[in-house]
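Morning, everyone. I have one structure to go through, so please look at the sequence and the model together.

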Amino acid sequence: MNAFLNLFSGEMGRKDFFTRLLATIMGFLILFGFFISFFPGIIDEKTSLWLCIFIVTFYFLSISFRRLHDLGKSELFVVLYLIPGVNALFLLYLLLFKGKK
């Protein structure tokens with residue numbers, strides 16, 4: 001349980017956030033391709049897609065929490081990802097504004 005909580009603690013600078021964001025996108029593509037290629041009869045494409053989205057969203061929230069810690073903001077700001085249009089501006093905020101690191 002402690003290892004799980006460590007995913008959401010700590011701070012992350014802009015450079016680390018950007019590289020991990022790119023790695024998350026690449027990880028999603030690789031994971032989705034893996035599920036489709038190696039489990040074609042067991043898991044259909046729609047289920048594979050939702051499974052990958054769940055896994056990647058979990059990690060994306062983790063790095064967003066760490067970036068918000070670096071900016072000195074509350075984790076509740078993550079709710080802004082749910083508002084269309086505002087989510088893109090919020091992501092730019094996380095990428096561009098200077099934090100402690």
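A residue is called buried under 20% relative accessible area, exposed over 50%, and partly exposed in between, with a 1.4 Å probe and protein chains only. At 41% relative accessibility, Phe18 therefore counts as partly exposed. This is a predicted model, where local features need pLDDT of at least 70, side-chain atom pairs count only at pLDDT 80 or more, and totals for chains, interfaces and linings use all residues. Residues are numbered from 1 along each chain as its sequence is written, and side-chain values use heavy atoms, leaving out hydrogens and water.

Now the overall layout. The protein chain has four helices and zero strands; helices are DSSP runs of H or I with at least four residues, strands are runs of E with at least two, and both are numbered from the N terminus. Of its 101 residues, 25% count as buried.

Phe18 sits in helix α2, residues 14-38.

What makes up the largest nonpolar core? It has 12 residues, among them Phe17, Leu68, Tyr81 and Leu94. Such a core is a set of buried Ala, Val, Leu, Ile, Met, Phe, Trp, Tyr and Cys residues joined through side-chain atoms within 4.5 Å. Two or more residues each come from α2, α3 (45-71) and α4 (86-96), and α3 gives the most, with five.

Leu94 shows some of the packing. Leaving aside neighbours within four places in sequence, Leu94 is in contact (heavy atoms within 4.5 Å) with residues including Phe17, Leu68 and Tyr81.

Last, just after α3, Gly72 takes a positive phi of about 75 degrees.
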